[in-house]
Amino acid sequence: MLPEIENLLHLQDADKEIRRLQEEVAELPKRVAVIEHKLAATKLKLERAQAAVKADEASRRKYETTITDLRGKISKYRDQSLAVKTNEQYKALLQEIQFAEKEIAENEDKILELMVNADARDKEVKAAQSDLKAEAAEIEKQKEQARQRTAEDEKQLVEWRAKRDTMRAGVSEDLLRHYERVSKFRGSGISEVRDHKCMACQVMLRPQTYNDVRTGQQMVVCDSCQRVLYFNPANEMQALEPEHKRSRRHHPKIDAHQAWYYRAEFGDAGEVFLCLNEVRGQSSRRVFDMSTGRLLGDILIREGDFRQAFPEEITGSIRLNGNWSEAEMETWGTEMPMTALDSLHSDLEAARYEMTARPSAKTEVPSNVPTGQAAS
Ligand SMILES: [Zn+2]
């Protein structure tokens, strides 16, 4: 790869990080604004609840005044009734008194209703007050976090901008101009070539263009998207691996009651497949010749789960995928069917490939850890 192209790759990383940081800095006040909006809504709720309490108090005072007035009227009517001359006049006054008394009772009912409501109103106010307090505290916390995040981002931005300037110095002006023009329109200015394709726009390259990128002796741009192209041999190797090998191998379950293993050596027999099968607290061991699938020796039975019963068979073996019921294996007689043998062979191949590709994948070691806790 041309050193200039390598610088361009680093420059793209720096550009991406700068963009990410700038977006984050811009995003933080928006987050604060959302909570501030919520806070304003809660404030309004509190104000409304408080206004309702005030309105109720005013109503109550009005009803009380009305009652006082009505009582005054009644006592006036009583005084007048002492001085009346006719029965009709007396009756009329009595009626007025009855009306006033009815009105007093109505006003008293309204006051009672307000008193009952007052409890609910009070709760509303208190709830809004406590919400407001919690939200105010939350907003302070968020603001502080945003302040800190922004300060940290700004610091990183300074560092990344310095890095970017260094990278830019390592790229020719023409290339830089081209890279920036494409970046502006497409979001990125450089793209990897893999499997004869530009990975950014997914268009196949012409054979000559592909060869030019592979040799890495000159600057090549994608005919379709204009991005500067580069080639990473490590990634191409992976892309050329057959599909079934790249896809993840299905892994045997850790708590299964049946386990298949491959052993490179088994006494005089050489390479074998082993089947450990646990049924109702008893474990059996079958040994099959790896190339013919013939059952070797007797079926061995021991007490306990297969890990406890046959630890010596597990150490240094490769665990394989395989699951056939005890009844089914009975029908095999002295030889496993070709389909079973083929399936074990292909899983062994996949397991071996996995071990070379991922050195951390190890053969299974025996363990007395109860199933279920084994993963911890
Ligand atoms: Zn392209």
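This section describes selected helices and strands of a predicted model.

Residues are numbered from 1 along each chain as its sequence is written. The model is predicted, with local features requiring pLDDT of at least 70 and side-chain atom pairs pLDDT 80 or more, while totals for chains, interfaces and linings use all residues. Helices (H or I, at least four residues) and strands (E, at least two) are DSSP runs, numbered from the N terminus.

Helix α1 covers residues 3–83. The expected span of a helix is 1.5 Å times one less than its number of residues. Buried residues of α1 include Ile-5, Leu-8, Leu-11 and Tyr-63. A residue is buried if 20 or more other C-beta atoms lie within 10 Å of its own, exposed if 12 or fewer, and partly exposed in between; C-beta atoms are placed from the backbone. Among the elements covering the buried residues of α1 are α2 (87–169), α3 (173–186), β1 (190–194) and β3 (228–231). Contact here requires C-beta atoms, placed from the backbone, within 7 Å.

Three strands form an open sheet in the order β2-β1-β3, with mixed pairing. Its edge strands, β2 (197–198) and β3, each pair on one side only. Strands pair if DSSP finds at least two bridges between them. β1 and β2 are antiparallel over 2 bridges. Val-193 stands opposite Cys-198 in β2. Helix α1 packs on this sheet, touching β1 and β3, and its direction makes about 105 degrees with that of β3. Helix α4 (residues 207–215) lies across β1 and β3, at about 65 degrees to β3. Axes are lines fitted to C-alpha atoms, for helices over the stretch in contact; angles run from 0 to 180 degrees between N-to-C directions.

Strand β5 (residues 272–279) has 6 of its 8 residues buried, so it is largely enclosed by the rest of the structure. It runs antiparallel to β4 (residues 258–263), joined by 6 bridges. Trp-260 stands opposite Cys-275 in β5. β5 also runs antiparallel to β6 (residues 282–289), through 8 bridges. In that hairpin 2 residues separate the strands, and Arg-280 takes a positive phi near 45 degrees.

Helix α10 (residues 338–357) buries Ala-340, Leu-344 and Asp-347. These cover an arc of only 70 degrees around the axis, which puts them on the same side of α10. The arc is that of the directions from the helix axis to the C-beta atoms. Exposed residues on the other side of α10 include Met-338 and Thr-356. The buried residues of α10 pack against β4, β5 and β8 (318–320).

Notes. Two residues are in contact if their C-beta atoms, placed from the backbone, lie within 7 Å.
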